[in-house]
Amino acid sequence: MERSLDWDSGCIVAVDQTALPSRTTILRIDTVGDLVAAIRRLAIRGAPAIGLAGALGVALSAHRHTVAGRTDHAAVRADADLLAAARPTASNLEWGVRRALARLSEGPDAVLAEARLMLEEDERTNRAAAARAAELIRQLCRRRPLRILTHCNTGRLATAAWGTALGAVADLAAAGEVDHVLVTETRPLLQGARLTAWELAEAGIPHRLCVDSAAPAAISRGLVDCVLVGADRIAMNGDTANKIGTYGLAVAAARHRVPFVVVAPESTLDPSTASGDQIVIEERLAAEVLGYAGLRTAPAGTAVYNPAFDVTPAELVTAIATERRLLRDFGALSGKATA
Ligand SMILES: CSC[C@@H](O)[C@@H](O)C(=O)COP(=O)(O)O
């Protein structure tokens with residue numbers, strides 16, 4: 001499969017991200033219910049990827065609810081609402097669903113054409129944002145080759161192709177500028193250990209895996225030249241929601257004057273959210289923290305706090321690189337200043 005997510009013969013096809021790295025399993029999804037479930041259980045995950053999945057889901061629904069050339073718009077809109085609500089934090093999901101839905105009056109093929117266009121755009125978008133971030137890192141960091149810290153998974157699996165922060169890592173690595181990438185495990189679901197380490201190995205980019213709690217220590221010991229992460233929702237003041245643990249990395253990076261750069265598509269910027277305190281943070285099931293892969297790691301019944309994301313205040317973010325611009329003065333997001 002060229003893309004980690006695509007459309008094929010009336011189905012959404014996607015790499016099952018819960019099966020990696022043990023198995024490469026391709027899901028064929030042909031109902032909106034199964035798609036919502038795949039997004040909720042993180043088989044399809046990563047902000048850009050769930051946005052694209054949402055758009056493909058609307059196309060799936062539009063085709064399913066078209067009989068003899070007549071589309072049941074109310075049924076498709078109800079499916080769109082279900083899809084948009086599958087996970088609350090990433091703004092890309094609602095963006096993808098709404099963009100595909102906007103073509104509904106033109107019929108199911110137009111909806112699918114829009115979703116397919118979004119798949120194509122995704123790679124161009126990611127490459128542009130990643131190249132911009134890589135260029136910034138070249139300017140900000142003097143040491144070569146670079147030691148880059150990243151969190152969660154922002155590679156091709158989290159998008160349709162190329163990736164955001166991990167795309168920037170790939171750009172720098174292709175230019176021979178990367179010593180190694182320090183990859184956080186990303187508890188509780190191990191997106192860093194399972195997915196980022198797998199993608200970096202595939203790409204032949206040297207990397208080391210560390211437990212999440214070792215990452216701030218690595219920054220404090222001078223073992224990290226820059227931190228590169230993705231985002232799920234960026235508020236208009238630059239506050240950035242991303243995988244739980246990002247905030248702690250940003251605090252450590254600021255304390256030790258290490259550049260902390262966010263790489264994300266414009267679709268992650270949310271014009272309706274003024275600041276990070278308005279971002280809804282998804283809370284996930286206790287079972288994800290109480291055990292892993294069927295093994296209990298805490299006494300049954302232990303109370304759990306399991307937020308999937310945290311919010312890094314803009315003041316801790318060195319810059320946000322998108323496909324269109326580099327944001328360093330966060331007033332630019334609310335139109336008060338130019339980027
Ligand atoms: C390019 S992916 C950017 C973010 O979506 C990523 O960093 C992240 O936090 C993903 O969380 P997940 O819960 O795995 O979907």
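Author: Sort the residues of the shell around the ligand by type and you get eight nonpolar, seven polar and three charged. Here Ala, Val, Leu, Ile, Met, Phe, Trp, Tyr, Cys and Pro count as nonpolar, Asp, Glu, Lys and Arg as charged, and the others, Gly among them, as polar. Keep in mind that this is a predicted model: local features need pLDDT of at least 70, side-chain atom pairs count only at pLDDT 80 or more, and totals for chains, interfaces and linings use all residues. Numbering starts from 1 along each chain, as its sequence is written.

There are 18 residues around the ligand, and Arg45, Ala47, Ala158, Gly230 and Lys243 come nearest (near means a C-beta atom, placed from the backbone, within 6 Å). Helix 2 and strand 11 (240-243) are the elements that give two or more residues to this shell; helices (H or I, at least four residues) and strands (E, at least two) are DSSP runs, numbered from the N terminus. Domain 1 (5-121) and domain 2 (127-334) each supply at least three residues of the shell, with bounds that come from an automatic or database domain assignment.

Helix 2 lies across strand 1 and strand 2, at about 15° to strand 1. That angle is taken between N-to-C directions, on a scale from 0 to 180 degrees, using lines fitted to C-alpha atoms, for helices over the stretch in contact. Contact means C-beta atoms, placed from the backbone, within 7 Å.

Those strands belong to an open sheet of three, ordered 1-2-3 with antiparallel pairing (a pair needs at least two DSSP bridges). Strand 1 (5-8) and strand 3 (26-29) are the edges, each pairing on one side only, and the twist averages 25° from one strand to the next. Four bridges join strand 1 to strand 2 (residues 11-15), and Asp6 has Val13 as its bridge partner in strand 2.

Helix 2 also has helix 4 (residues 91-101) packing on it, through the buried residues of helix 4. Nine of the eleven residues in helix 4 are buried, meaning 20 or more other C-beta atoms within 10 Å of their own, with C-beta atoms placed from the backbone.

One last stop is Thr154, in the loop between strand 6 (146-150) and helix 6 (165-174). Leaving aside neighbours within four places in sequence, Thr154 has contacts that include Gly46 and Gly230. Thr154 is buried, with 35 other C-beta atoms within 10 Å.

Notes. A residue is buried if 20 or more other C-beta atoms lie within 10 Å of its own, exposed if 12 or fewer, and partly exposed in between; C-beta atoms are placed from the backbone. Two residues are in contact if their C-beta atoms, placed from the backbone, lie within 7 Å.
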